[in-house]
Amino acid sequence: MAIEIDAHQHFWQLSRPFRYGWLDAPALAPIKRDFLPDHLAALMQQTPIKRSVFVQTQHDVAENRWALGLTERHPFIVGVVGWVDLASPACEEQLLEFKDHPRFVGVRHVTQDEPDDDFIVSKPVLRGLAVLERHGVPFDLLFYVKHLRHAATLARRFPALPMVIDHLAKPRIKDQHTADWLPHLRAAAAFPNVYCKLSGMITEADWRHWKTDDLKPFVQAALDLFGSERCMFGSDWPVCELAGSYAQVYQALVDALGPISAAQHQQIFGGTATQFYDLDIG
């Protein structure tokens, strides 16, 4: 039986010397506490998920080291999507510290928080992305809808760099608005090196009153454009706790996908992530 994988989750420990100031926002008070592997393991037992991929929260290579240490004590964490400074001349040196670790599987930058909407296509960052392409290290695109226009540009420039759009680029699910999102998602999907994470959706819906039907148009659009072979499930835990439980996130995607084949289910809930990140799931 295929092993199901959560391709997008986080840990944080507030006593660590990292920058957790973003958790000071009043709306995030419910998740301003430690979230660690033992907490996630207990929640995964309520679902068919058996493995997970940690995704960075810090622009700090020290978080890479911390997360990779967690994988040694918690074998269910089969991948770490870490961070290197793409805009720095030290980018390649930083990457070389981690790239051969069997659990270091990708890189992400919190592009959505950059004040320059064109940060990801700036010359220094493009040089950094070329380093990732040269070393075969996948890249997570953490975009808002306003950044999504850059996905096709990057895919065209770096055809050998696997890229995945986190959280469908955070479309306006609460407003059921797709006009500013769908054309750019379609343009990105035209490139075979671009994938999509079916993640982060309930926190883009009405936190208190969302329902599966709110997610369906967005899930179906992504599935139609990318196919199950380029879509992967991610819980976005513990951020998802703002709007629903881990088990609710899992079931919401199952329901929003509707009647799909067993093979499609296996791809979305494990196969795609395994292939994209080259995971050793044991």
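**Entry 1: a glutamate to start with**

With which side chain does the side chain of glutamate 114 make a polar contact? I looked it up in this predicted model, and the partner is the side chain of histidine 109, at 2.7 Å.

I found it in the loop that runs between strand S4 (104-109) and helix H4 (123-135). Then I listed its contacts, leaving aside neighbours within four places in sequence: His59, His109 and Phe119 came up.

**Entry 2: stepping back to the whole protein**

I counted the secondary structure next and noted 9 helices and 8 strands. The radius of gyration is 17 Å, close to the 19 Å that the globule rule gives for 282 residues, so I wrote the protein down as being as compact as a globular protein of that length. Along the principal axes, the C-alpha trace spans about 45 × 45 × 40 Å.

How much of the protein is buried? My note says 56% of the 282 residues. For the surface, I have an accessible area of about 11,800 Å², with 52% of it belonging to carbon and sulfur atoms.

I was curious about how far along the chain the contacts reach. Taking contacts between residues at least 6 apart in sequence, I found that 81% join residues at least 24 apart.

**Entry 3: salt bridges**

A search of the whole structure gave me 13 salt bridges. I followed a few of them by hand.

Arginine 108 pairs with aspartate 166, and their closest N and O atoms are 3.3 Å apart. This pair links distant parts of the chain: arginine 108 sits in strand S4, while aspartate 166 is in the loop between strand S6 (163-165) and helix H6 (182-189), 58 residues apart. Both arginine 108 and aspartate 166 are buried.

Which other residue does aspartate 166 form a salt bridge with? I found lysine 197, with the closest N and O atoms 3.8 Å apart. Here too distant parts of the chain are linked, from the loop between S6 and H6 to strand S7 (residues 194-198), 31 residues apart. Aspartate 166 has 0% relative accessibility, so I marked it as buried. Lysine 197 also gets the buried mark, because its relative accessibility is 0%.

Putting these together, I could draw a network of salt bridges that links Arg108, Asp140, Asp166 and Lys197.

For a look at another setting, I turned to arginine 172 and aspartate 180, which form a salt bridge with closest N and O atoms 3.6 Å apart. Are these two buried or partly exposed? Arginine 172 counts as partly exposed because its relative accessibility is 38%, and aspartate 180 counts as partly exposed because its value is 28%.

**Entry 4: the loop between S6 and H6 again**

I stayed with this loop for two other residues. Histidine 167 is found there, and its phi is near 55 degrees, a positive value in a residue other than glycine. Its relative accessible area is 3%, so histidine 167 is buried.

Tryptophan 181 lies in this loop as well. It counts as buried because its relative accessibility is 0%. Leaving aside neighbours within four places in sequence, I listed its contacts as Val145, Leu148, Leu168, Ala169, Pro171, Phe218 and Ala221.

**Entry 5: backbone notes**

Where is there a cis peptide bond? I found one joining tryptophan 237 and proline 238, with omega about 5 degrees. Proline 238 belongs to the loop between strand S8 (231-233) and helix H8 (246-257).

My last stop was aspartate 278, in the segment after helix H9 (262-277). Its phi is near 55 degrees, a positive value in a residue other than glycine. Aspartate 278 has a relative accessible area of 66%, so I noted it as exposed.

Definitions and conventions. Residues are numbered from 1 along each chain as its sequence is written. This is a predicted model: local features need pLDDT of at least 70, side-chain atom pairs count only at pLDDT 80 or more; totals for chains, interfaces and linings use all residues. Side-chain values use heavy atoms; hydrogens and water are left out. Helices (H or I, at least four residues) and strands (E, at least two) are DSSP runs, numbered from the N terminus. A polar contact is a pair of N or O atoms within 3.5 Å; within protein, one must be able to donate a hydrogen and the other to accept it, and residues adjacent in sequence count only if both atoms are side-chain atoms. Contact means heavy atoms within 4.5 Å. The radius of gyration is taken over C-alpha atoms; the globule rule is 2.2 Å times the number of residues to the power 0.38. Buried means under 20% relative accessible area, exposed over 50%, partly exposed in between (1.4 Å probe, protein chains only). Accessible areas come from the Shrake-Rupley method with a 1.4 Å probe; for residues, only the protein chains shown count as cover. A salt bridge is a side-chain nitrogen of Lys or Arg within 4 Å of a carboxyl oxygen of Asp or Glu.
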